[in-house]
Amino acid sequence: MIPKQLFRDDGECYQMAGGMEYFEVTKPKSDKMSFVKLDVKNPITKCHHADSVKAAFAVDKHNKPCSDLKTAVNTLSVNGDLIADCSRTYSLPTVAGKHQDLNSISPQTLSDVIDGSYKNVINSYRIIDCRYPYEFEGGHIEGAENRYSHASVLELLQKPTAENQILVFHCEFSSERGPKMMRFLRSKDRELNKENYPALNYPEVYLLDEGYKSFFNEKSTYCDPISYKPMIHSEHSSDLRHFRAKSKSWTAGEKRRHAKRSIRL
């Protein structure tokens, strides 16, 4: 039986194959046991935020490779500090945001990144602003890229990526548009790299907690221009209708493609 990978909308991946064995793995602070499927020839387990990984790439809390398979399974199951390809730990401190499946950082941490406080652990960063163009033009974080469509986000996967490069997604409140685009990128990144699993073009991605509004309130001097234009604005009612209509068409198209893929699997 040929292994098949199932990708959910949030980027979670499961590998299904015949002849798999089951190992019982305990997770701290949990009353439930989780069962991890393993293929002896192609060992797979679930890692950070529902990303499944090859145990051969796993590292322990000291960033040393795990030589024993069962040890690797347990390590990956309990270590939430590994980035999505499980090659190393996350570079930035995170906060408890609204989206438990995503890593959120504070406005203070992002301003520190811009100031170069983390240049010893990250080589470069890109800020992905998922708000509509009129919002972006009305004020954005310095150096940010306005990518509000699926096509513009996919362009990220068509360009070479640097080692230890991070992405930071956000929208106005980081409640809907930013998180959706962040999950969309991860899902497409997984599909692109499925032959080299668990490799990713962008294994370290963050969400700006509370979005641009919170960042502007705390760190307005890092914005260009120093202003904030909300999505719902009296001067941009027609623009809002236009971009919302386009967003619905993108979402509908993606759902149709996802449904066809699920039927094939």
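**Salt bridges and packing**

Guide: The count comes to 10 salt bridges, each a side-chain nitrogen of Lys or Arg within 4 Å of a carboxyl oxygen of Asp or Glu. This is a predicted model: local features need pLDDT of at least 70, side-chain atom pairs count only at pLDDT 80 or more, and totals for chains, interfaces and linings use all residues. Residues are numbered from 1 along each chain as its sequence is written, and side-chain values use heavy atoms, with hydrogens and water left out.

Visitor: What makes Arg183 and Asp101 a salt bridge?

Guide: Their side chains meet at 2.7 Å, N to O; the rule asks for within 4 Å. Arg183 lies in helix H5 and Asp101 in the loop between helix H1 and strand E7, so the pair ties together parts that are 82 residues apart in sequence.

Visitor: Why is Arg183 called buried?

Guide: Buried means under 20% relative accessible area, exposed over 50%, partly exposed in between (1.4 Å probe, protein chains only). Arg183 has 16%, so Arg183 is buried. Asp101 has 27%, so Asp101 is partly exposed.

Visitor: Which residues does the network of salt bridges link?

Guide: Arg126, Glu145, Arg147 and Glu155. Arg147 meets Glu145 at 2.9 Å and Glu155 at 3.1 Å.

Visitor: Why is H2 called roughly perpendicular to H6?

Guide: Helix H2 (residues 107–115) and helix H6 (residues 211–219) pack at about 70 degrees, with axes 9 Å apart. Angles of 65 to 115 degrees count as roughly perpendicular, under 35 as roughly parallel, over 145 as roughly antiparallel and the rest as oblique. Therefore H2 is roughly perpendicular to H6.

Key. Axes fitted to C-alpha atoms, helices over the stretch in contact; angles between N-to-C directions. Helix = DSSP H or I, 4+ residues; strand = E, 2+ residues; numbered from the N terminus.
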